[in-house]
Amino acid sequence: MKNFLCDFRFLLLLAAAAFIYIQIRLFATQSQYADRLADAIESENQCTSQLRSLIDQISLQQGQIETMKEQKEQLEQECGQLKALVQELERKDVERLINKEQAPVAAVVIMACNRADYLERTIKSILKYQSSVAAKFPLFVSQDGSHPGVKDKALSYDQLTYMQHLDYKPVQTERPGELIAYYKIARHYKWALDALFYKHKFNRVIILEDDMEIAPDFFDYFEAAADLLDKDKSIMAVSSWNDNGQKQFVYDPEVLYRSDFFPGLGWMLSRSTWDELSPKWPKAYWDDWLRLQENHKGRQFLRPEVCRTYNFGEHGSSLGQFYKQYLEPIKLNDVPVDWKSMDLSYLMEDKYIKDFAEIVKKAKPVHGADLTLSALQMNLEFLKSGRMAYQGPPIKELLFSDTKTDSVYSLLVQVLSSSLELMILDAKIS
């Protein structure tokens, strides 16, 4: 029995020792697992922290990316604006360079004296159409004398250059009873044109007076005609006026003519022509002087059928002669004409002569004394006013301005037995 108890106790002791060993092993294993778990948790915490840091970095970078995108868009917008500004500046520089290097088509000068109200009306009419082509047609006002109202009016406009002609030399007329105004006008014209051609160095000058209004296509017309003036030396000047441009006699705003008669009243000439005229410029009546053969030397003048200028000056040096009858009814063109696209080569001398000769060949002769006398009566006013040159007796040739076309015509009247044969020929072909 004692041996049995001893064996049992020994077994219990062994069991207890095994249990304790197992518990120790379990505790050690748990401790290892706990340490590993702690390490894992710590690693997880570190990963979480790193992940949060990474997320924060990513968020920060995303914010930076968004900011950079906004900055990029802003920079692109600013770059586009700068590019557009540079292009605009380059365009303006090119235009400025072109305008600087390209000579104006013509200077435009308003010849004025003592009519401030007339001058204002003329300037307003010109600026209405000149502002867009100011570089091509710089505007001047040339005043003869010292009328304060005219000077103040001219100086009130920044768009023009003011010139003043002061000439206190006494005027000696060549014939008793002559108006000294015509002598002073001639002096003023010479002074102004000398200044514009030789001081300001313009190649062409358009002369207007202080009692004129212009048509909307005035400047386009003269720009187109300037090319003809340069190419065809048989053209002495270009006018915007038709002496017989009354409303009832004109209808085609696109037609231009060559004429032996100088119309004046808004006209353009070149420096080369002025080089010839300036040294021998007359003391008075410069327009009639230009119509003399020894001065125009067979050269002709371009002029439109429908006027590009309108003369409203009822009161002036000419004392309003024939104003109501001939000037007031003049039609000022109001129809748009695209002169830049028009072929004006038909006005070149050779072509014009051929074309007009064909028209004359196709013309039908008109017979009858009554008809001839009627034609002569129709032009009686021109004969009285000196516009028609008469050679006779007997009647050989009459030069007059036809009331329907205002071309300068030769009226050849030949007496054939008891009847008269009338032929109307244009002096442009002679």
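This is a predicted model: local features need pLDDT of at least 70, side-chain atom pairs count only at pLDDT 80 or more; totals for chains, interfaces and linings use all residues.
**Close-up 1. Nonpolar surface patch.** Leu 51, Leu 54, Ile 55 and Ile 58 make up a nonpolar patch with about 340 Å² of accessible area together. Leu 51 is placed in helix H1 and, at 48% relative accessibility, counts as partly exposed.

**Close-up 2. Surroundings of Gln 143.** Gln 143 belongs to strand S2 (residues 139-144). Its relative accessible area is 0%, so Gln 143 is buried. The Gln 143 side chain reaches the backbone oxygen of Cys 113 at 3.4 Å.

**Close-up 3. Salt bridge between Lys 153 and Glu 120.** The side chains meet at 3.4 Å, N to O. Lys 153 lies in helix H3 (residues 148-155) and Glu 120 in helix H2 (residues 116-130), so the pair ties together parts 33 residues apart in sequence. Lys 153 is partly exposed at 23% relative accessibility, and Glu 120 is partly exposed at 24%.

**Close-up 4. Salt bridge between Arg 187 and Asp 167.** The closest N and O atoms are 3.0 Å apart. Arg 187 lies in helix H4 (residues 181-199) and Asp 167 in the loop between strand S3 (160-165) and H4, so the bridge ties together parts 20 residues apart in sequence. Arg 187 counts as partly exposed at 28% relative accessibility, whereas Asp 167 counts as buried at 19%.

Technical notes: Residues are numbered from 1 along each chain as its sequence is written. Side-chain values use heavy atoms; hydrogens and water are left out. Helices (H or I, at least four residues) and strands (E, at least two) are DSSP runs, numbered from the N terminus. Buried means under 20% relative accessible area, exposed over 50%, partly exposed in between (1.4 Å probe, protein chains only). A polar contact is a pair of N or O atoms within 3.5 Å; within protein, one must be able to donate a hydrogen and the other to accept it, and residues adjacent in sequence count only if both atoms are side-chain atoms. Patches are made of residues with over 30% relative accessible area and no salt bridge: like charges are joined within 9 Å, nonpolar side chains (Val, Leu, Ile, Met, Phe, Trp, Tyr) within 5 Å. Accessible areas come from the Shrake-Rupley method with a 1.4 Å probe; for residues, only the protein chains shown count as cover. A salt bridge is a side-chain nitrogen of Lys or Arg within 4 Å of a carboxyl oxygen of Asp or Glu.
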